[in-house]
Amino acid sequence: MKNSSFLILILIGFVFFASVIEVNSNCTPGGAKKECGEHKQCLKKGVNNTYHCVCKAGFMTLGDSCQDMDECQEKDIRSKCKRKGAKCKNIPGSYTCKCPQGFEMNLESDHCEDLDECEDKPCHEKAVCHNERGSYSCACVKGFAGDGHECVEDMAYKQKQKIQQIITIGGAAGGGTLFLIALIVCFLGARKKKPEEKEEKGIEEQDSTTTVYSRWESSEESDDDDDDE
């Protein structure tokens, strides 16, 4: 176990110092880039104040060239990005913490936050945009069909609306007609009822006269009987 730890320390030390190991010597400060090559720089080195071409930070010497170091292989760096809600992405000479799709890095909180894609109006003009966590969706408004990015007039919906309007208008007209018929029936019924009431009233008056007459006859008969006695 101790030997393994020792070997790891040696490897880390080698990687660290390899980034500044001399590749070529006798370069000119501020000279042409081709003098040292890609990913190299001319730095003063040694007690003699001589300049040498060395690999830039984030690169390590591999033969006569400089190779990019993958910082994302280091656990501490991966954990740092993870705490931000991001993933480590290696770039030449360095690394970056990249947020997942649909998220962006908030510079103030230094953390990935949901990106409101609807602000960029990605949907069709006849569609409604709904922002979702890490994404968004588009839905065509009523009367139009499509995936939200492309919306065309929905002929089936339009035809259905026309039929509904016809039914509504027909229902209103039919209701008005029935109401008018009901009024006419009531009016005719009222007119028919008046003669019947008069006829019934005449019968009642006749019955009343007959009753009075009968009583008068009964009274006369009673008087005649008294005279006979």
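**A tour by selection**

Start at Glu153: this residue is partly exposed, with a relative accessible area of 43% (buried is under 20%, exposed over 50%, partly exposed in between; 1.4 Å probe, protein chains only). You are looking at a predicted model, where local features need pLDDT of at least 70, side-chain atom pairs count only at pLDDT 80 or more, and totals for chains, interfaces and linings use all residues. Residues are numbered from 1 along each chain as its sequence is written, and side-chain values use heavy atoms, leaving out hydrogens and water.

Lys84 is buried at 15% relative accessible area; Asp110 is partly exposed at 38%.

Now select Glu104, Glu108, Glu113, Glu119 and Asp120. They gather in a surface patch of negative charge (patch members have over 30% relative accessible area and no salt bridge; like charges are joined within 9 Å, nonpolar side chains within 5 Å). Here Asp and Glu count as negative. Glu108 is exposed, at 79%.

Last stop: Leu180, Leu183 and Ile184. These form a nonpolar surface patch, with about 280 Å² of accessible area together (Shrake-Rupley method, 1.4 Å probe). Ile184 is partly exposed, at 45%.

Conventions
Salt bridge = Lys/Arg side-chain N within 4 Å of Asp/Glu carboxyl O. Charge placed at Lys NZ, Arg CZ, Asp CG, Glu CD.
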